[in-house]
Structure formats: C-alpha cells, structure tokens
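Dear colleague,

I am handing over the structure we spoke about, and below it you will find my notes on what I found. Please read them with the model open beside you.

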Amino acid sequence: MIKDDDILHFYEGLIDGKLEKRIIELLLKKHKFDEIIEILINENKVGDKNA
Amino acid sequence: MLKYDYLLTRNESDMELTDKPLKISKYTPTFPTELADISSLRGRNSKGKSTLLHIIALGLFGLKNESIHRSLNEKMETLIHSDYQNLVFNFMIENTQNNTKIVSKKERPDSEEIEVCEIDINGKETSLSLETFRNKYKLIYDIPDNPIGRLNDLLSELDSRQMSIGHQVSYLNRDIRNVIQEIKNSKDPKKIKEVENKKNKLSNTIDEDKKYYEKLETELSLFKRYTYFKYFIEYRGKKFKAENELKRLKKQRKDNIKVAEVIKTSNEEDYKQGLGYINEMHGDINELAYFIRKIIGREEKHLYHISNLEKLNIRATMLDQDRNDVIIGALEYYEDIFNNEKVHLQPKDKYLEADMYKDLIEILNDYINLDVVIPGVGKNITDFIKLLKIEFKKYESLGIEKENIEKITDLIDDIKARREYFINNVAKGMNEYIKKSSNAESDKLTEKELNIINIHKLTNDINFYEDKINLYHDKIIRINEKCEYQPIKNRLDKLKDNQIIQEYLNWEEEQLEKKINDLGGELKDKRQDIERNNSLLSIYNRDLKQLNSKEAHKYIADYDFLNNLSEITLKLSGIILSDFSNYLERIREKKKNTENELYQKYAKQVSKYLAKKVGTIKYDEIDLSIESINLVNGEISVKDGRIIRLNDLGVGHSQAAYLKGVLNSSDNKKIIALIDETAMMDNETLETIIEKLRELYKEGKLLLGLIVRLDNESEKVESLV
C-alpha cells in the first residue's frame with residue numbers, strides 16, 4: 001500500500017529545498033494551514049538561533 | 001455479506017414488426033441472493049453474473065466514476081437508460097467487521113432515481129450523496145482490457161494525489177498571503193518608525209522653507225524699496241533736467257533763430273537725413289559713455305577718452321575727415337579694454353556652469369507636468385528645477401556683469417559700423433551741400449532743424465519720465481511707504497550702503513525689475529511648497545494616529561520570513577501543478593526527454609512508485625519483487641537483477657499486476673471490488689488477486705469483493721473469505 005511516507009519519499013527525490021520538503025511533509029500529516037504556518041515560523045526562529 | 005434482488009423486464013420483440021405480439025421477458029437472480037463478503041461466481045453466459053456486477057456498480061454511483069472502463073460504463077447506461085428494458089433492484093452490503101451497512105435501491109421501473117444510504121449501528125438511515133460516498137468508499141469495477149496499456153492507469157492515483165498536494169500548497173500560499181496582509185494592516189513598529197522619520201524630515205524641511213521664505217520676503221522688500229526709490233529719484237532728476245533744457249531751447253528759438261529763406265538745392269533732403277543720422281550717433285555715444293562710466297567707476301586713467309568724447313562736437317567731427325579719428329581712437333581704446341575684460345573677468349568654466357544651469361532649467365520646464373522621479377536625486381521635476389534655480393542664483397551677478405560688458409562691446413561695434421556707413425554714404429553729400437549754400441544760412445537751417453528735433457525729443461522724454469515717476473510713486477505707496485522726495489532720497493542713500501544691495505548697484509532698471517519678478521515667483525513657489533508640505537504633514541499625523549491605534553500582529557517579527565515562504569509556496573505549487581503534471585502526461589505518452597534533468601528524476605521516481613504499488617509479479621512460477629516499472633521503456637526491473645519486458649508478460653500476468661496496483665490504494669477508503677471476466681488468468685495468477693483481496697479484508701479495508709468467471713458447465717458460488 002502506498003502511504004503518505006511513500007509520497008513524501010517520492011517528492012524528496014525531486015525537490016531540493018529543505019523548506020519545500022517540510023511543507024509537503026506537514027501537508028501530508030494533515031496539519032491545518034494555520035498550524036503549518038506556526039510550525040514553520042517557530043522552526044525558522046530555532047534555526048536562526050542555532051545559526 | 002451481500003443481500004440483493006432485482007427484476008429486469010425486457011421487450012425482446014422485433015421493434016420494426018409492429019403486427020407481431022409483444023415478447024416480454026423478465027429476468028431475476030440466478031445465483032443465491034445472499035453472498036459472502038468475498039465471493040467467486042462462475043457460470044455460463046447470460047446467467048446474470050455481469051448483470052449483478054452492473055447493478056451493484058450502478059447502485060454505488062458507478063455512472064459517475066471516471067475510473068470505470070468505458071465498455072462497462074456503456075453496459076450500465078443501457079441497463080438504466082434504454083427504452084426496451086427497465087430495471088428495479090435493491091441490495092445491501094453488510095460488513096460486520098466495520099459495522100457498515102450500505103443500502104441502494106431503485107424501486108420504480110419508469111424512473112432513473114436510485115436511493116443510496118448508510119445504516120448505522122442503531123439502525124439509523126442516512127442518505128449518501130456522491131460526495132460523501134467518494135470520501136468514504138472506493139468502488140473498483142474492472143475487466144481485463146489491454147492490461148499492459150492500462151498500467152498507465154495506475155498513474156491516476158499519483159496524479160490525483162499530486163493535484164491534491166499541489167492545490168493544498170496553493171491554498172497554503174493563499175493563507176500565508178492573508179497573514180502577510182493582516183500584518184500589513186496591523187500595528188507595525190517598523191512602519192510607524194518610517195512614517196515618523198518622514199514626518200520629522202518633512203517638519204525640518206518646512207522649518208527650513210519658512211526661514212528661507214522669510215529671507216526671500218526680506219530680500220524682496222529690500223529690492224523693491226531700492227528699485228522703486230532709485231528710479232523714482234532718478235526719473236525726477238531726469239525730468240527736471242529735461243524740463244530745464246526744454247525751457248532753454250524754447251527761449252533760444254525765440255531770441256536767436258531768425259527765419260531765413262532757405263536755398264532750395266537738390267541736396268537739402270540728404271543733408272537733413274544726415275543731420276538725423278548724426279543725432280542718432282550722438283545718442284549712441286552718450287549711452288556708451290554712460291555705461292563705460294558706470295562700469296569703470298573711479299579709475300581716472302580710463303576716463304580720459306570718455307571725457308574727450310563727451311566734449312567733442314560730434315556733428316563737426318563727423319563731417320571733418322581729419323578729425324574723425326578722434327572718435328575711432330576712443331572707441332578702439334575701450335573696445336580693447338572690454339574685450340580683455342570679458343576674457344579675464346572670470347574663468348570661462350564659471351560661465352559654462354551658469355549656461356549649463358540655465359539650459360537645464362529651460363529643458364526641464366518643458367517636462368514639468370511629468371510625474372517622474374529623477375534617478376540619483378530622488379526628486380520630481382518641479383523640486384529639481386527649484387534646486388537648480390538656487391544653484392543658478394549663485395551665478396546671477398556674474399551674468400549681469402557679463403551682460404553689461406557685452407552691451408558695451410555691442411554698442412562700440414554698432415557705432416563703428418554707423419560711422420563707416422556715414423563716411424561712405426552720407427558725409428560727402430552733406431559737405432557738398434554746405435559748400436553750395438552760404439555757411440550762415442546752412443548754419444541757421446541746421447540750428448533750426450536741430451532745435452525742432454530736440455524740442456520734440458525732450459517733450460517725449462518728459463512725458464516718459466512723468467509716466468515712470470507715477471509708476472514708481474504707485475509702487476512705493478503699494479509697499480506702504482510714504483512717497484516724499486527728500487525722505488525717499490535719504491533712505492535710498494542708506495540702502496546703497498546695504499551689503500546685499502552693493503552687489504547690485506550697477507544693475508539696470510530692467511534687470512532689477514526682473515530680479516523683483518524672480519524673487520516674487522520664488523516666494524510664491526516657496527509658499528506653495530510650505531502649504532503642500534503642511535497638508536502632507538497632516539496626512540502623516542493622521543496615518544500615525546491610525547497606525548498607533550491598531551493591534552500588533554503576533555507574526556510581525558516574521559514578516560520577511562513569511563514573504564519568503566509565500567514565494568516558496570507559490571513556486572512549489574507551480575512546479576507540482578504544472579511541471580510534474582506535464583511530466584506525468586509525457587510518461588503516459590511514453591515520451592523520452594533526456595535533456596530535462598528534472599523530468600529524468602521524475603520518471604525514475606514514478607518507476608519506483610509503480611514498483612511499490614504493484615509489489616510482486618508471478619513470472620516463471622515464482623513471485624518476483626519488483627524494483628521499478630519503467631512505462632516509457634516498457635520494462636520491469638526485478639530484485640534478482642532481471643529485466644522483464646511488459647510486452648513479454650501474458651495478459652493474465654499483466655491483468656494481475658494492474659489489479660494489484662489498483663487494489664493497493666494509498667488512502668483509507670473502504671473498498672468494494674467487482675472484477676469481471678478473469679478467465680484469461682491462470683489459477684495461480686488469479687490466486688494472487690484473491691490473496692490481495694483477503695489481505696485487504698483482514699485489514700478491514702474491503703467491504704465486498706466479487707470475482708466473476710466464465711464456466712461453460714454450470715453455475716457455482718464460492719465463498720473466498
């Protein structure tokens with residue numbers, strides 16, 4: 001059976017951007033759009049701090 | 001379990017032979033009306049195997065299911081939309097594993113209406129719409145038909161998932177843009193700071209403009225007073241002098257001039273014209289002397305020739321060839337001085353700079369209405385012209401000095417040319433006339449003629465001076481000053497000591513009037529600037545009030561990141577919905593595109609996707625795990641390293657591969673699988689399909705599975721659960 005992980009894997013081989021992959025992953029996990037925006041913003045902040 | 005019943009009534013008469021009696025046949029189920037969740041039906045042709053599958057598909061929105069093969073769709077259409085047969089049916093799919101009951105019925109033969117509903121665990125019936133059915137269930141109804149070619153159909157699910165993800169990314173982009181817009185409309189400290197900076201900058205500009213406005217006002221008042229006082233006094237003086245001269249001439253005319261008989265000769269008219277010519281030259285020489293004195297000022301050494309010119313009896317000198325050189329000598333002396341002055345007065349660059357500013361202002365004035373911001377300066381044309389005018393003003397006195405010197409050299413050139421003309425064309429005739437007539441009479445005539453000319457000229461001059469005095473009188477009153485001769489003269493003397501005015505003492509009336517006009521224009525422009533900027537300042541204050549009254553957005557600090565995210569999602573949705581969708585179509589059409597690297601990668605991913613979907617294939621009696629299915633090349637790569645060509649696969653194998661692919665659904669919908677005409681598969685291949693159905697059933701994903709095969713001997717039903 002083709003699962004969401006397989007679809008994610010399908011796109012991982014095609015799309016280079018880390019953020020783009022993360023967006024697809026969050027969409028496949030059925031997050032709501034406002035949740036996705038919040039998650040990405042928080043992750044970006046953490047990324048900025050670690051950078 | 002499937003419980004069902006149906007009645008198919010068919011008119012089997014020859015429709016064209018209307019005289020024959022009607023032959024109506026009625027068909028009801030041949031097979032048992034209760035079947036297990038997974039069942040195999042075998043039987044001879046026309047025993048209702050396919051009819052049962054058609055009815056179940058019809059009852060579950062089969063006519064609106066795009067994945068059902070066209071040939072099956074046509075058969076379902078015939079069952080329900082034909083004028084030679086009609087159908088009523090009802091069936092219930094009851095799955096105890098899922099506590100699911102789906103009921104579908106068509107109760108009226110003359111109506112196409114089919115009711116579909118779900119019955120929950122408490123027996124409550126809920127009507128099922130097409131949309132709800134599609135969200136919860138998946139109807140698979142298939143027959144073997146070019147199964148190799150139909151492996152392409154396995155891409156449909158990928159296509160559908162891909163479109164769904166692409167659209168979701170697009171909707172996410174829309175939401176991100178909404179958040180960005182919300183931030184824009186919220187309290188934005190950065191924007192507030194920006195507006196405050198603009199406001200402060202504008203306030204400073206207004207303050208500076210006000211100061212400059214006051215300075216201009218003072219300057220304008222100064223120039224008005226100086227000019228009006230100066231010319232009021234000057235014209236009064238000129239008028240007074242002219243009136244005295246007029247009195248003298250009138251007296252002279254009465255006392256001394258005796259009318260004499262004039263000897264009419266052929267040269268008299270030429271002589272009169274010559275006198276007029278000499279008179280004009282006299283006027284020019286006086287004007288030249290005035291300008292030279294004005295510019296040379298107190299430098300005595302250069303005033304010698306001027307004094308000589310002023311003392312000279314111009315008429316006598318002009319007619320005396322030998323004395324003529326006195327005029328020429330003086331003219332050439334001053335010509336040398338002022339030509340030299342012109343060269344050394346200022347570096348040439350300064351004049352070029354002044355000309356450049358003047359030319360630029362003139363050119364830009366033609367485009368003043370264009371709404372253009374000049375690059376590098378950041379100002380519109382109107383503001384830029386104002387800047388240029390301020391710069392140009394620095395060269396103002398330079399221009400006037402140059403103008404005056406040029407006026408002198410032009411005047412010298414003019415006098416020299418007139419003198420040349422006089423010598424060559426007029427002097428000889430005049431001298432001949434003088435010789436022919438007695439000197440006394442000639443002199444009398446001359447004095448009489450000159451007297452009349454001078455009286456006429458002086459009268460005109462006095463009128464002109466009177467007009468000017470009135471004009472400046474009115475102007476002085478308009479600037480709220482008392483117009484009395486002596487106080488005005490005293491104030492004029494004081495004004496001449498003013499530092500600003502001292503630079504303009506050599507300026508002429510027209511030049512000063514122009515200066516006053518320019519200052520007035522500049523003052524008006526500056527006032528408009530201040531008014532416009534005050535309006536803009538009110539707008540900034542209003543904006544600040546509005547911006548401060550808003551709530552701050554929680555993502556205000558993430559504004560740049562959100563913009564970046566917006567760009568990324570927009571691009572990503574474009575790639576998925578456009579590029580990838582296009583690539584999938586090319587794969588379906590078996591197009592190779594070796595130049596496009598992304599297409600190559602995409603095709604490779606699709607091959608892996610199909611391999612995962614089909615899983616295994618039975619070949620040479622063994623189950624082989626598939627690594628990739630390349631639809632473009634028509635090759636299947638299996639794990640033992642072999643490449644199996646799709647064209648080498650039997651129909652049964654291909655059909656099995658396709659059906660397994662269809663059954664390997666990636667979503668969680670409950671499946672109702674109806675598989676017809678499996679006779680082309682051998683038992684082992686069919687068994688892999690049955691195993692797949694059992695696997696799905698055990699996972700709770702299959703509600704009903706019916707497999708139909710031809711059996712030429714008898715009808716058999718077998719539970720496969």
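Is the crossing of α6(B) and α12(B) left-handed or right-handed? The crossing of these two helices is left-handed. Please keep in mind, here and in everything that follows, that this is a predicted model.

The two helices in question are α6 of chain B, residues 268-296, and α12 of chain B, residues 396-436, and their axes come within 9 Å and cross at roughly 155°. That angle makes α6(B) roughly antiparallel to α12(B). The residues of the contact between α6(B) and α12(B) divide into 16 nonpolar, 3 polar and 7 charged.

As for chain B as a whole, it has 20 helices and 18 strands, and of its 721 residues 22% are buried. Among the contacts in chain B with a separation of 6 or more, 74% are between residues 24 or more positions apart.

Next, the sheet. In chain B, 5 strands form an open sheet in the order β9-β16-β17-β4-β18, with mixed pairing. Its edge strands are β9 (137-142) and β18 (716-719) of chain B, each of which pairs on one side only, and the twist averages 10° from one strand to the next. Helix α1 of chain B, residues 49-59, packs on this sheet, where it touches β4 (38-43), β9, β16 and β17 (702-710) of chain B, and the direction of the helix makes about 150° with that of β17(B).

Within the sheet I would draw your attention to β16 of chain B, residues 670-675, which runs parallel to β9(B) and is joined to it by 6 bridges.

Why can β16(B) be called largely enclosed by the rest of the structure? The reason is that 6 of the 6 residues of β16(B) are buried. In a regular strand the side chains alternate between the two faces of the sheet. In β16(B), K670(B), I672(B) and L674(B) point one way while I671(B), A673(B) and I675(B) point the other way, and all of them are buried.

Finally, the interface between the chains, in which 21 residues of chain A are in contact with 25 residues of chain B. On the side of chain A that touches chain B, the elements that give two or more residues are α1 (4-12), α2 (18-28) and α3 (33-50) of chain A, and the largest share, 7 residues, comes from α3(A). By class, that side of chain A has 14 nonpolar, 3 polar and 4 charged residues.

With best wishes

How values were computed
Residues numbered from 1 in each chain as written. Chains lettered and ligands numbered in written order. Predicted model: local features only at pLDDT ≥ 70, side-chain atom pairs only at ≥ 80, totals over all residues. Axes fitted to C-alpha atoms, helices over the stretch in contact; angles between N-to-C directions. Helix = DSSP H or I, 4+ residues; strand = E, 2+ residues; numbered from the N terminus. Parallel < 35°, antiparallel > 145°, perpendicular 65-115°, else oblique. Left-handed = near helix turned anticlockwise from the far one by under 90°. Nonpolar A, V, L, I, M, F, W, Y, C, P; charged D, E, K, R; others polar. Contact = placed C-beta atoms within 7 Å. Pairing = 2+ DSSP bridges. Buried ≥ 20, exposed ≤ 12 C-beta atoms within 10 Å, placed from the backbone.
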